[in-house]
Amino acid sequence: MYIATARGADTAAEVPKSGMKRAVTGNVVALGLVSLVTDISSEMVTAVLPLYLVLGLGLSPLQFGVLDGLYSGVTALVRLVGGHLADRWQRLKAVACFGYGLSALGKIGLMLAGSSTVAIGAVLAADRTGKGVRTAPRDALITLSSDPEHLGRAFGVHRAMDTFGAFLGPLVAMAVLWLSLGSYDSVFFTSFCIAAIGVIILLVLVKDHQPKPRAERHKVSLRETAGLIRQASFRRICVWAALLGLVTLSDSFLYLVLQRRWDLGAVFFPLLPLGTAGVYLLLAVPLGRLSDRVGRWKVFLGGHVALVVALLALLGPVDGGVLAVLALVLHGVFYAATDGVLMAAAGPLLPEHQRASGLALVQTGQATTRMFASVLFGLAWTAWDLHAAVLVAAGALVVVIVAAAVLRPLRTYA
């Protein structure tokens, strides 16, 4: 993922050879721009989804938990496929481009789906499939375009740009709805156009990793990809990332809990993710740099501590705007300290020709357990009540954090 050595200044996807190495290369910035534009498109569509399904269609917490888990977990297996194909063909950019293109076409699919829940579900699954396919090759490109010592900063810059797009998406959607007098098809079409721009930026500005000459290439097999788990350090990070995912409350549920506690009107619900995105945007780079200095695993666990405090705040006596600010700030800290930092921690443990496959294994384990986490939280909310479900979730998260801190799964690059 990151063990990129200087091979020549003429290859933009690699670390510069001479002089001071840039902490963040042009290729990382270009990938960040692609993610920024793509997230504007994605968040235009998804900002109102939780409220629409629960309040608009009347789904129970359990039903929503199943749907939310499937929506998040559908990327799990395709992440492995995308990572494996990118490594086997040594075409990281091409596989990532296919994923971005598939997600873009999904926006047109929403226009054609009408009110059919089956069709909408299929379109959303295609969109998530595109996201799953592109994620590992994109992150592998970031690591191969960066110096290992500055990976936290590189991922911080990329995630900050990505989050800026997520911040703008709901605002653009609201503007389009206002200008089009409430036409959702206008939102979907605008979202498609923006996503198409992201694909064009990828094709024009992003440089692929320079593969070895064809005679020297090694085609990675599925057995070799699975064999990465035999490496103790990498296996530990996969296991602990998955365990933490199993006790992590999803974004959608956190916003629904906050909406219930704050008694927030439906018209303002889409603005809640903006609070998280704003904090994430401000802290992604500083916390990425901090992880390079003090240890990536420490910062990663610190982010989960912030999530615990956010959950406890939702159970506390504070209400209204103060509660919203506190919960969203802590939620933003959680993402800034975990999202890119996990990839920066895992990357140096992987051989260069298996970078995408290895990252896909980490991401797949985490995505799969988070899918189950959503289902379990929805079941707890339905069987008990909201307060008990949040309390149990916070307690389980504390237990896993303490265990991960004591056992310290990473010894190097951590």
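Let me begin with a convention: Ala, Val, Leu, Ile, Met, Phe, Trp, Tyr, Cys and Pro count as nonpolar, Asp, Glu, Lys and Arg as charged, and the others, Gly among them, as polar.

The model before you is predicted; local features need pLDDT of at least 70, side-chain atom pairs count only at pLDDT 80 or more, and totals for chains, interfaces and linings use all residues. Residues are numbered from 1 along each chain as its sequence is written, and side-chain values use heavy atoms, with hydrogens and water left out.

I turn to the overall fold. The protein has 16 helices and zero strands, where helices are DSSP runs of H or I with at least four residues and strands are runs of E with at least two, numbered from the N terminus. Of its 414 residues, 55% are buried, that is, under 20% relative accessible area with a 1.4 Å probe, protein chains only.

How many cavities of 30 Å³ or more does the structure hold? There are six. A cavity is a set of points, on a 1 Å grid over the protein atoms alone, where a 1.4 Å probe fits but cannot get out; lining residues have an atom within 4 Å of a point. The volume is the space filled by probe spheres set on the points, which are joined across faces, edges and corners.

The largest cavity has a volume of about 70 Å³. Eleven residues line the largest cavity, and the closest to its centre are Val45, Lys107, Leu110, Leu124 and Asp127. Helices α1 (26-46), α5 (92-113) and α6 (117-144) each supply at least two lining residues, and α6 gives the largest share, with four. By class, the lining comprises five nonpolar, three polar and three charged residues.

Definitions and conventions: Buried means under 20% relative accessible area, exposed over 50%, partly exposed in between (1.4 Å probe, protein chains only). On a 1 Å grid over the protein atoms alone, a cavity is a set of points where a 1.4 Å probe fits but cannot get out, and a pocket is an open set with protein on both sides within 12 Å along at least five of seven lines; lining residues have an atom within 4 Å of a point.
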